[in-house]
Number of protein chains: 2
Amino acid sequence: MYERYDEINPPPRLLMGPGPVDADPRVLRAMSMPLLGQFDPRFTEYMNEVMALYRQVFQTHNRWTFLIDGTARAGIEALLTSVILPGDKVLVPVLGRFGQLLCEIARRCRADVATLETEWGTVFETAQIEAAIKQHRPKLVALVQGDTSTTMAQPLAEIGPLCRAHDALLYVDATASITGMDLQTDHWQLDAVSAGLQKCLSGPPGIAPVTFNERVERLVRERKHVEEGIRGAHQDDAPGEIIQSNYFDLAMLMDYWSERRLNHHTEATSMLYAAHECARIVVAEGWERRFARHALASRALCAGLGAMGLSLFGDQVHKMPNVTGVYIPEGVTGDAVRAAMLNNFGIEIGTSFGPLHGRIWRIGTMGYGCSKRNVLSCLAALDATLRQHGHQAAWGEGVDAATEVYAAEA
Amino acid sequence: MYERYDEINPPPRLLMGPGPVDADPRVLRAMSMPLLGQFDPRFTEYMNEVMALYRQVFQTHNRWTFLIDGTARAGIEALLTSVILPGDKVLVPVLGRFGQLLCEIARRCRADVATLETEWGTVFETAQIEAAIKQHRPKLVALVQGDTSTTMAQPLAEIGPLCRAHDALLYVDATASITGMDLQTDHWQLDAVSAGLQKCLSGPPGIAPVTFNERVERLVRERKHVEEGIRGAHQDDAPGEIIQSNYFDLAMLMDYWSERRLNHHTEATSMLYAAHECARIVVAEGWERRFARHALASRALCAGLGAMGLSLFGDQVHKMPNVTGVYIPEGVTGDAVRAAMLNNFGIEIGTSFGPLHGRIWRIGTMGYGCSKRNVLSCLAALDATLRQHGHQAAWGEGVDAATEVYAAEA
């Protein structure tokens, strides 16, 4: 009568694509702890700790630093849908597929979206963004810090002051870059930032840390409508247009994440445990060591790929340290090599989207998975696999070159 | 420089509120398994297994049976926002706080919402709903099967055919009732149903199983707009108005959960593992045994509370088997008793919302936590705690009465 299935028992993998990457075992262990009621004093203490931990992750003093219960794009949508009013002008400098996603979400919020384009594999000069701001006079500038689709990282330090000068808000999607490279929310004057766990934070996808400042808070509060089922004596509807999503309504989420503890959703207990542990691990390592570890892995991997005779994709000055694009050499089929890497070595490397599909692979070196062991293992497996697929590479030199980079830093 | 916090280490608890309740340890163990890439053949196999497992949970053959990556209200919002067009008439028979939530979400989708009210603690006669359908001619009727705020379960078997006869769609929120009592999606002609893990499914909150049939699929497909970043050659925008949420766009989610595997979000790996295990446990137990176990616990708990001289809340014929409302006796403070139960016995029982706040407690007997051990432990602790708070109860008789109910069934 019933169809039965075996228990979850994943084959051993080394996840070196653009994400999700391997979770730190400490994060998996945190998720196996028993649940707590959402208003249990210990649980609300954990919620407060998560806020304090992610203030450190985002390098901010923003009071409103908490989790959206959904994957990284849930965090994006919560921020955009709570800020954007129909007809608002939004400027999106598009680095790649995830810049396109920001446009897509902003349009569904009925924004008037202006885009700025650049060739995939390049970033914008500040002057280009400045010119576009002057032309479009946006209420909001939205961009991606590190767009894994092109492996590019947009420098941000000058963009915040630029937006302030033109009275625009600045939202940054840091999903793919957070803790793999520097992101100074307050110092760079970023008004809102969102992230996800499944890249350098080394947790599972499914919960999205966000932070936003008073400039964003003010806009959100103007649109506050507390739902009937819980408002009780708290009838305090604001005059602004209601936020079109209940689930992503930051005004209600602020009540839930503050001392008021006004019930909204039921917080995703186990994913909050995961987020808590991810941030604890970051704090224990510290920024400098963490950024240096990612930068070193990037140098070693690039040196190895270069020594194998492969060509790196995109502007190497602005490459994200935690993901590397490499051209698929002529004569081999990208997906066949990826399948062989997975089936023979258990190593996953990434394919690509849109204009880069079939042209480059993407190799991730993120968080827990950002290590000499993984860089060397991946190069050795790629070397052997390319050889088996008839590619005439400089055999063995990839691993040696990467080993030298690590040795030079030791 | 850095603020550090200890690892997650929850105090021992027995969660007998309206949810979240204790997760089955097998579910927690499933979540501790390593991650897989989202397009790893084994992972897409797990996605397909989840679909097959939840078809059994929902008692349906609906092809479109999958997970929304968010808490239970994410599942509600995905269904409502993908179906409702601005101006659509939606009828919500409101049993309690979660019926109010359906109104709230439907209004944010810009529906024209008509409500039908009943006193908290009662359900609707089919004739009342029929009269309201005739009056309002809704496109969609939305209601909650079991509203934990009042502990009432609305009989549904006659509502589906009624909606068909009047050409209305029927959506049911089964979050609090799923697998604690019967829900026959196909046989009862429910067009769409959503749920959550954190009640009788005995998993953590954070992912929402949904199912919907071809009637809903047709409406959703008319509004399909694939996002720019992934559509490539798949440019097939439908003529209907775009769904206002990207994250909750069922048309794109159908592509992600079908052979097409068109990238949308990154599926929440560990929560999917949890959902998979929750459903496996249900299938292994079977419907009849599972429903009988919940009904028995409800009878035993009610007998025990009655023997203690406490009064049950609401229409006992239509009470949900997995949650019981009981009046707080005169002379004791509800929250003080709850705090003492938590601090002295580690047992959490629930407070209440809105008009019932301060008047009733709610005790959950759900899924893994629905057992003789828990019913008796809760009664013993409540008995002792009430005594310590000066209430003159019939000491000890609660546990004895509940034991007798269990003994009679043995």
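The following note sets out points on a predicted model with chains A and B.

1. Relation of the two copies. Chain A can be superposed on chain B with an RMSD of 0.0 Å by a turn of 180° and a shift of 0.0 Å along the axis. The two copies are therefore related as by a two-fold rotation axis. Within chain A, A:Gly70 has the C-alpha nearest this axis, at 2.4 Å from it. Both copies use the same surface, since 100% of the contact residues of chain A recur in chain B.

2. The contact between the chains. Chain A contributes 76 residues to the contact, and chain B contributes 76 residues. On the side of chain A that touches chain B, two or more residues come from each of α1 (25-31), α2 (41-57), α3 (72-83), α4 (97-108), α8 (228-231) and α10 (269-285) of chain A. The largest share, eight residues, is that of α10(A). By residue class, this side of chain A consists of 32 nonpolar, 23 polar and 21 charged residues.

3. A residue of helix α2 in chain A. A:Tyr46 belongs to helix α2 of chain A. It counts as buried because 23 C-beta neighbours lie inside 10 Å, where 20 or more are required for that class. Beyond its neighbours within four places in sequence, A:Tyr46 is in contact with A:Leu272 and A:His276, and also with B:Ile8 of the other chain. A:Tyr46 and A:Lys89 are 43 residues apart along the chain, and 38 Å separate their C-alpha atoms.

4. Domains of chain A. The domain assignment divides chain A into domain 1 (24-283) and domain 2 (287-409). The centres of these two domains, taken over C-alpha atoms, are separated by 31 Å. Contact between them involves 24 residues of domain 1 and 23 residues of domain 2. On the domain 1 side, the residues divide into nine nonpolar, eleven polar and four charged.

5. The seven-stranded sheet of chain B. Chain B holds an open sheet of seven strands in the order β2-β10-β9-β8-β5-β3-β4, with mixed pairing. β2 (64-68) and β4 (112-117) of chain B stand at the edges; each has a single partner strand, so one side of each lacks a neighbour in the sheet. From one strand to the next, the twist averages 20°. The pairing of β2(B) with β10 (residues 208-212) of chain B is antiparallel and runs over five bridges. In this pairing, B:Leu67 has B:Pro209 of β10(B) as its bridge partner. Helix α2 (residues 41-57) of chain B packs on the sheet and touches β2 and β10 of chain B, its direction making about 105° with that of β2(B).

6. Cis peptide bonds. In chain A, the peptide bond from A:Gly19 to A:Pro20 is cis, with omega near 0°. A:Pro20 is located in the loop between β1 (14-16) and α1 of chain A. In chain B, the bond from B:Gly19 to B:Pro20 is likewise cis, with omega near 0°, and B:Pro20 lies in the loop between β1 (14-16) and α1 (25-31) of chain B.

7. Positive phi values in chain B. B:Thr151, a residue other than glycine, has a positive phi near 65°. B:Thr151 sits in the loop between β6 (146-147) and β7 (152-153) of chain B, and is buried, with 35 other C-beta atoms within 10 Å. B:Asp167, also a residue other than glycine, has a positive phi near 55°. B:Asp167 is placed in the loop between α6 (159-165) and β8 (169-173) of chain B; with 11 C-beta neighbours inside 10 Å, B:Asp167 counts as exposed.

Technical notes:
Residues are numbered from 1 along each chain as its sequence is written. Chains are lettered from A and ligands numbered from 1 in the order in which they are written. This is a predicted model: local features need pLDDT of at least 70, side-chain atom pairs count only at pLDDT 80 or more; totals for chains, interfaces and linings use all residues. Two residues are in contact if their C-beta atoms, placed from the backbone, lie within 7 Å. Helices (H or I, at least four residues) and strands (E, at least two) are DSSP runs, numbered from the N terminus. Ala, Val, Leu, Ile, Met, Phe, Trp, Tyr, Cys and Pro count as nonpolar, Asp, Glu, Lys and Arg as charged, and the others, Gly among them, as polar. Two strands pair if DSSP finds at least two bridges between them. Axes are lines fitted to C-alpha atoms, for helices over the stretch in contact, and angles run from 0 to 180 degrees between N-to-C directions. Copies are superposed by least squares on the C-alpha atoms of residues with pLDDT of at least 70 in both. Domain bounds come from an automatic or database domain assignment. A residue is buried if 20 or more other C-beta atoms lie within 10 Å of its own, exposed if 12 or fewer, and partly exposed in between; C-beta atoms are placed from the backbone.
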